[in-house]
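This briefing describes one protein chain for a reader new to structures. Please look at the sequence and the model before reading the points below.

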Amino acid sequence: GTALIFPTMILFGLTGMLAQAQALTTTGKGIAVPALGYFDLLGMQSSGFSGLAFALGVCMVASSVDSLQTGLLSVLSREILAKKLSPMKSLVVGQLFLVVVNVVA
């Protein structure tokens, strides 16, 4: 994971600096929200490139949400095991938690 995350964060940092430099040279002012510099650069790209960046962003968010769901279900399943329910009841409760967590996402 680190081998992919580190270059991605470096890329975002470099594009943020490029966006700030471009804003300073074109308008004389910096970017209002520096954290959004990457998206300022995307506004000047073709729609295909912007679509690709959007799709990759959605994939990164979906991956994070998936990890959050797995962690949440892990904690809940541990609580269910602590209640010493019957196997059938724990199965039904686990499936209900799974449905609730996935429907919300």
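Helices (H or I, at least four residues) and strands (E, at least two) are DSSP runs, numbered from the N terminus. Read along the sequence, the chain has the pattern α-α-α-α, with four helices and zero strands. The radius of gyration, taken over C-alpha atoms, is compared here with a globule rule of 2.2 Å times the number of residues to the power 0.38. The chain has a radius of gyration of 22 Å, well over the 13 Å that the rule gives for 105 residues, so the chain is more spread out than a compact globule.

The model is predicted: local features need pLDDT of at least 70 and side-chain atom pairs count only at pLDDT 80 or more, while totals for chains, interfaces and linings use all residues. Residues are numbered from 1 along each chain as its sequence is written, and side-chain values use heavy atoms, leaving out hydrogens and water.

**Whole chain**

- The C-alpha trace spans about 70 × 25 × 25 Å along its principal axes.
- Buried means under 20% relative accessible area, exposed over 50%, and partly exposed in between (1.4 Å probe, protein chains only).
- By that cut-off, 12% of the 105 residues of the chain count as buried.
- A contact means heavy atoms within 4.5 Å; of the contacts with a separation of 6 or more, 32% are between residues 24 or more positions apart.

**Helix α1**

- The expected span of a helix is 1.5 Å times one less than its number of residues.
- Helix α1 (residues 2–27) has 26 residues and reaches 37 Å from its first C-alpha to its last, close to the expected 38 Å.
- T15, G16, A19 and A23 are buried in α1, and their cover includes α2 (37–42).
- F6 also belongs to helix α1, but F6 is exposed, with a relative accessible area of 55%.

**Helix α3**

- Helix α3 (residues 47–82) has 36 residues, which should span 52 Å, and its end C-alpha atoms are 52 Å apart, in agreement.
- The buried residues of α3 are A53, Q69 and I80.
- K84 follows α3 and has a positive phi, near 55°.
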